[in-house]
Amino acid sequence: SSLLSHAQSGGENIYEFLNLGSSARVAAMGGDQIALGNVGADYAFYNPAALNSELDQQVALNYVSYIADINYGYASYIKDFKNIGTFALGMHYVNYGKFTEADELGEITGDFKASDYALFISYGRQINENIRVGVTLKPIYSSLEKYNSFGLATDLSVIYDSSDKLFRASLLARNFGYQVKPYYGSHREDLPNEILFGFSTKLQHAPFR
(Lines give C-alpha, C1' and ligand atoms only; values in the text may rest on other atoms or scores of the structure.)
Protein backbone atom coordinates (compact mmCIF):
# COMPACT_ATOMS: atom_id res chain seq x y z
CA SER A 1 0.00 0.00 0.00
CA SER A 2 1.08 3.58 -0.42
CA LEU A 3 0.08 6.99 0.83
CA LEU A 4 0.31 10.35 -0.93
CA SER A 5 1.15 13.37 1.17
CA HIS A 6 1.90 17.03 0.53
CA ALA A 7 4.07 19.26 2.73
CA GLN A 8 3.87 23.02 2.94
CA SER A 9 5.89 25.03 0.46
CA GLY A 10 9.36 26.13 1.52
CA GLY A 11 8.84 29.51 -0.12
CA GLU A 12 7.33 30.57 -3.41
CA ASN A 13 9.31 33.77 -3.96
CA ILE A 14 12.73 35.30 -3.47
CA TYR A 15 13.51 38.45 -1.46
CA GLU A 16 10.73 37.71 1.05
CA PHE A 17 12.50 40.03 3.49
CA LEU A 18 10.80 42.90 1.64
CA ASN A 19 7.63 41.96 3.52
CA LEU A 20 9.22 42.42 6.96
CA GLY A 21 7.84 45.42 8.80
CA SER A 22 9.76 48.66 9.32
CA SER A 23 7.15 50.32 11.56
CA ALA A 24 5.99 49.11 14.98
CA ARG A 25 2.65 50.80 14.39
CA VAL A 26 1.99 48.97 11.12
CA ALA A 27 3.32 45.68 12.50
CA ALA A 28 0.81 45.93 15.37
CA MET A 29 -1.96 46.09 12.75
CA GLY A 30 -0.83 42.98 10.90
CA GLY A 31 1.74 44.56 8.60
CA ASP A 32 -0.47 45.48 5.64
CA GLN A 33 -2.34 48.65 6.62
CA ILE A 34 -1.62 51.06 3.78
CA ALA A 35 -4.21 53.78 4.52
CA LEU A 36 -3.10 55.24 7.84
CA GLY A 37 -3.21 58.94 8.64
CA ASN A 38 -0.64 61.04 10.54
CA VAL A 39 2.23 58.83 9.41
CA GLY A 40 5.92 59.10 10.27
CA ALA A 41 9.13 58.78 8.29
CA ASP A 42 9.15 54.98 8.53
CA TYR A 43 5.84 54.75 6.63
CA ALA A 44 7.41 55.59 3.26
CA PHE A 45 8.54 51.97 3.00
CA TYR A 46 4.89 50.86 3.01
CA ASN A 47 3.25 53.51 0.87
CA PRO A 48 5.22 56.15 -1.05
CA ALA A 49 2.06 58.11 -1.81
CA ALA A 50 1.90 59.01 1.90
CA LEU A 51 5.03 61.16 1.57
CA ASN A 52 4.18 64.80 2.20
CA SER A 53 5.77 68.13 3.14
CA GLU A 54 5.02 67.64 6.86
CA LEU A 55 7.63 64.86 6.89
CA ASP A 56 10.39 67.16 5.61
CA GLN A 57 13.81 66.34 7.13
CA GLN A 58 12.46 63.52 9.29
CA VAL A 59 14.69 60.53 9.98
CA ALA A 60 13.61 56.98 10.85
CA LEU A 61 15.86 54.38 12.49
CA ASN A 62 14.44 50.97 13.42
CA TYR A 63 16.07 47.78 14.64
CA VAL A 64 14.50 44.38 15.38
CA SER A 65 16.15 41.48 17.19
CA TYR A 66 14.30 38.66 15.46
CA ILE A 67 14.20 34.90 16.06
CA ALA A 68 17.22 32.54 15.99
CA ASP A 69 19.87 35.30 16.05
CA ILE A 70 18.35 36.99 13.00
CA ASN A 71 18.19 40.78 13.11
CA TYR A 72 16.99 43.39 10.69
CA GLY A 73 16.81 47.13 10.48
CA TYR A 74 15.60 50.11 8.54
CA ALA A 75 16.82 53.67 8.08
CA SER A 76 15.40 56.50 5.99
CA TYR A 77 15.58 60.25 5.46
CA ILE A 78 12.87 62.43 3.91
CA LYS A 79 13.28 65.71 2.06
CA ASP A 80 10.55 67.88 0.56
CA PHE A 81 11.10 70.12 -2.45
CA LYS A 82 8.50 72.82 -2.96
CA ASN A 83 6.48 72.48 -6.20
CA ILE A 84 8.32 69.23 -7.01
CA GLY A 85 7.32 66.68 -4.37
CA THR A 86 8.66 64.73 -1.41
CA PHE A 87 11.53 62.24 -1.62
CA ALA A 88 12.69 59.50 0.74
CA LEU A 89 16.01 57.66 0.67
CA GLY A 90 16.64 54.64 2.83
CA MET A 91 17.80 51.07 3.30
CA HIS A 92 16.23 47.88 4.63
CA TYR A 93 18.49 44.98 5.65
CA VAL A 94 18.35 41.51 7.19
CA ASN A 95 21.30 39.73 8.80
CA TYR A 96 20.61 36.00 9.14
CA GLY A 97 23.64 35.39 11.35
CA LYS A 98 26.38 32.77 11.16
CA PHE A 99 25.84 29.20 9.94
CA THR A 100 27.96 26.08 10.32
CA GLU A 101 29.18 24.78 6.96
CA ALA A 102 29.45 21.02 6.39
CA ASP A 103 29.97 18.72 3.40
CA GLU A 104 27.63 15.98 2.20
CA LEU A 105 29.12 13.58 4.76
CA GLY A 106 28.44 15.90 7.67
CA GLU A 107 32.06 16.92 8.17
CA ILE A 108 32.24 20.51 9.39
CA THR A 109 34.30 22.61 7.00
CA GLY A 110 33.80 26.08 8.46
CA ASP A 111 31.04 28.65 8.68
CA PHE A 112 29.33 31.20 6.46
CA LYS A 113 26.97 34.18 6.67
CA ALA A 114 23.82 35.29 4.86
CA SER A 115 22.20 38.70 4.46
CA ASP A 116 19.79 40.71 2.30
CA TYR A 117 19.79 44.43 1.48
CA ALA A 118 17.36 46.74 -0.27
CA LEU A 119 18.11 50.38 -1.03
CA PHE A 120 14.99 52.38 -1.81
CA ILE A 121 14.25 55.75 -3.36
CA SER A 122 10.66 56.96 -2.97
CA TYR A 123 8.76 59.92 -4.39
CA GLY A 124 5.32 61.22 -3.45
CA ARG A 125 3.32 64.13 -4.82
CA GLN A 126 -0.06 65.77 -4.26
CA ILE A 127 -2.03 65.77 -7.54
CA ASN A 128 -5.08 67.68 -6.30
CA GLU A 129 -6.99 68.26 -3.08
CA ASN A 130 -8.01 64.62 -2.77
CA ILE A 131 -5.39 62.49 -4.55
CA ARG A 132 -1.75 61.70 -3.87
CA VAL A 133 0.51 59.39 -5.91
CA GLY A 134 3.83 57.75 -5.15
CA VAL A 135 6.51 55.48 -6.56
CA THR A 136 9.44 53.57 -5.03
CA LEU A 137 12.45 52.05 -6.78
CA LYS A 138 14.27 49.29 -4.86
CA PRO A 139 17.66 47.87 -5.93
CA ILE A 140 18.09 44.57 -4.06
CA TYR A 141 21.21 42.61 -3.17
CA SER A 142 21.18 39.17 -1.55
CA SER A 143 24.15 37.11 -0.35
CA LEU A 144 23.58 33.52 0.81
CA GLU A 145 26.89 31.76 1.44
CA LYS A 146 28.68 31.78 -1.95
CA TYR A 147 25.49 32.56 -3.88
CA ASN A 148 24.70 36.17 -4.75
CA SER A 149 21.72 37.74 -6.45
CA PHE A 150 20.73 41.22 -7.63
CA GLY A 151 17.24 42.44 -8.46
CA LEU A 152 15.10 45.51 -9.02
CA ALA A 153 11.62 46.08 -7.64
CA THR A 154 9.15 48.95 -7.72
CA ASP A 155 6.08 50.07 -5.80
CA LEU A 156 3.28 52.21 -7.26
CA SER A 157 0.55 53.70 -5.10
CA VAL A 158 -2.30 56.19 -4.99
CA ILE A 159 -4.12 57.66 -1.97
CA TYR A 160 -7.58 59.23 -1.94
CA ASP A 161 -8.59 61.51 0.94
CA SER A 162 -12.12 62.79 1.35
CA SER A 163 -12.58 66.55 1.50
CA ASP A 164 -13.26 66.42 5.25
CA LYS A 165 -10.08 64.28 5.73
CA LEU A 166 -12.00 61.65 7.69
CA PHE A 167 -11.88 58.89 5.06
CA ARG A 168 -8.74 57.61 3.35
CA ALA A 169 -8.40 54.83 0.76
CA SER A 170 -5.24 53.56 -0.94
CA LEU A 171 -4.29 51.18 -3.73
CA LEU A 172 -0.74 49.80 -3.78
CA ALA A 173 1.12 47.55 -6.24
CA ARG A 174 4.14 46.31 -4.29
CA ASN A 175 7.40 44.52 -5.15
CA PHE A 176 6.88 44.17 -8.88
CA GLY A 177 10.21 43.68 -10.60
CA TYR A 178 12.85 41.38 -11.99
CA GLN A 179 15.72 39.25 -10.72
CA VAL A 180 18.55 40.67 -12.80
CA LYS A 181 21.22 38.24 -11.53
CA PRO A 182 19.98 34.82 -10.33
CA TYR A 183 21.65 32.95 -7.48
CA TYR A 184 22.90 30.35 -9.94
CA GLY A 185 22.85 29.86 -13.71
CA SER A 186 19.85 31.34 -15.47
CA HIS A 187 17.31 30.15 -12.90
CA ARG A 188 15.31 33.31 -12.24
CA GLU A 189 12.62 33.35 -9.59
CA ASP A 190 9.56 35.47 -8.86
CA LEU A 191 9.52 38.44 -6.51
CA PRO A 192 6.90 38.61 -3.72
CA ASN A 193 4.64 40.99 -5.61
CA GLU A 194 1.10 41.77 -4.56
CA ILE A 195 -1.68 44.32 -4.98
CA LEU A 196 -3.22 45.75 -1.82
CA PHE A 197 -6.29 47.89 -1.19
CA GLY A 198 -6.93 49.48 2.18
CA PHE A 199 -9.06 52.14 3.76
CA SER A 200 -9.51 53.84 7.12
CA THR A 201 -12.09 56.16 8.62
CA LYS A 202 -11.75 58.66 11.44
CA LEU A 203 -14.89 59.26 13.46
CA GLN A 204 -15.80 62.93 13.43
CA HIS A 205 -16.03 63.38 17.20
CA ALA A 206 -13.62 60.69 18.42
CA PRO A 207 -9.81 60.85 18.65
CA PHE A 208 -9.11 57.59 16.81
CA ARG A 209 -9.14 56.26 13.24
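Visitor: Hi! What should I know about the model and its numbering before we start?
Guide: This is a predicted model, where local features need pLDDT of at least 70, side-chain atom pairs count only at pLDDT 80 or more, and totals for chains, interfaces and linings use all residues. Residues are numbered from 1 along each chain as its sequence is written, and side-chain values use heavy atoms, with hydrogens and water left out.

Visitor: Great. How many helices and strands does the chain have?
Guide: The secondary structure comes to 1 helix and 8 strands. Both are DSSP runs numbered from the N terminus, with helices being H or I of at least four residues and strands being E of at least two. Along the sequence the pattern reads α-β-β-β-β-β-β-β-β.

Visitor: And what box do the C-alpha atoms fill?
Guide: Roughly 65 × 50 × 30 Å, taken along the principal axes.

Visitor: What share of the residues is buried?
Guide: Of the 209 residues, 39% count as buried. Buried means under 20% relative accessible area, exposed over 50%, and partly exposed in between, with a 1.4 Å probe and protein chains only.

Visitor: On to the strands. How do E1 and E2 go together?
Guide: Strand E1 (residues 59-65) runs antiparallel to E2, joined by 7 bridges. Strands pair if DSSP finds at least two bridges between them. Ala 60 stands opposite Ser 76 in E2. The two strands form a hairpin with 5 residues between them, and Ala 68 in the turn has a positive phi of about 50°.

Visitor: Which strand does E2 join through 11 bridges?
Guide: That is E3 (residues 85-102), antiparallel to E2 (residues 71-81). Asp 80 has Thr 86 as its bridge partner in E3, and Gly 73 stands opposite Tyr 93. This hairpin has 3 residues between the strands, and Asn 83 takes a positive phi near 65°.

Visitor: How many bridges link E3 to E4?
Guide: There are 15, and E4 (residues 108-126) is antiparallel to E3. Glu 101 sits opposite Gly 110 in E4. E3 and E4 make a hairpin with 5 residues between them, where Gly 106 in the turn has a positive phi of about 90°.

Visitor: Where else does a residue other than glycine have a positive phi?
Guide: Tyr 15 is one of them, at about 55°, and Asn 38 is another, at about 50°. As background, most residues other than glycine have a negative phi.

Visitor: Are those two buried or exposed?
Guide: Tyr 15, in the segment before H1, is buried with a relative accessible area of 3%. Asn 38, in the loop between H1 and E1, counts as exposed at 78% relative accessibility.

Visitor: What about Ala 24, in the helix?
Guide: Ala 24 lies in helix H1 (residues 24-28). Ala 24 counts as exposed because its relative accessible area is 65%. Ala 24 and Val 64 are 40 residues apart in sequence and 9.7 Å apart in space, C-alpha to C-alpha.

Visitor: Let's go inside. Which residues touch the most other members of the largest nonpolar core?
Guide: Val 39, Tyr 43, Leu 51, Ile 78 and Ala 88, in a core of 21 residues. Such a core is a set of buried Ala, Val, Leu, Ile, Met, Phe, Trp, Tyr and Cys residues joined through side-chain atoms within 4.5 Å. Leaving out residues up to four places away in sequence, Val 39 touches Arg 25, Ala 50 and Leu 55. A second, separate core of 13 residues includes Tyr 15, Val 94, Ala 118 and Ala 153.

Visitor: One more: what's going on with Arg 132?
Guide: Arg 132 lies in strand E5 (residues 131-144). Arg 132 is buried yet has no salt bridge, and the nearest side chain of opposite charge, Asp 161, is 6.4 Å away. A salt bridge is a side-chain nitrogen of Lys or Arg within 4 Å of a carboxyl oxygen of Asp or Glu. For charge, Lys and Arg count as positive and Asp and Glu as negative, while His and the chain ends are not counted.

Visitor: Which side chain makes a polar contact with Arg 132?
Guide: The side chain of Gln 126 does, at 2.6 Å. A polar contact is a pair of N or O atoms within 3.5 Å; within protein, one must be able to donate a hydrogen and the other to accept it, and residues adjacent in sequence count only if both atoms are side-chain atoms.

Definitions and conventions. Contact = heavy atoms within 4.5 Å.
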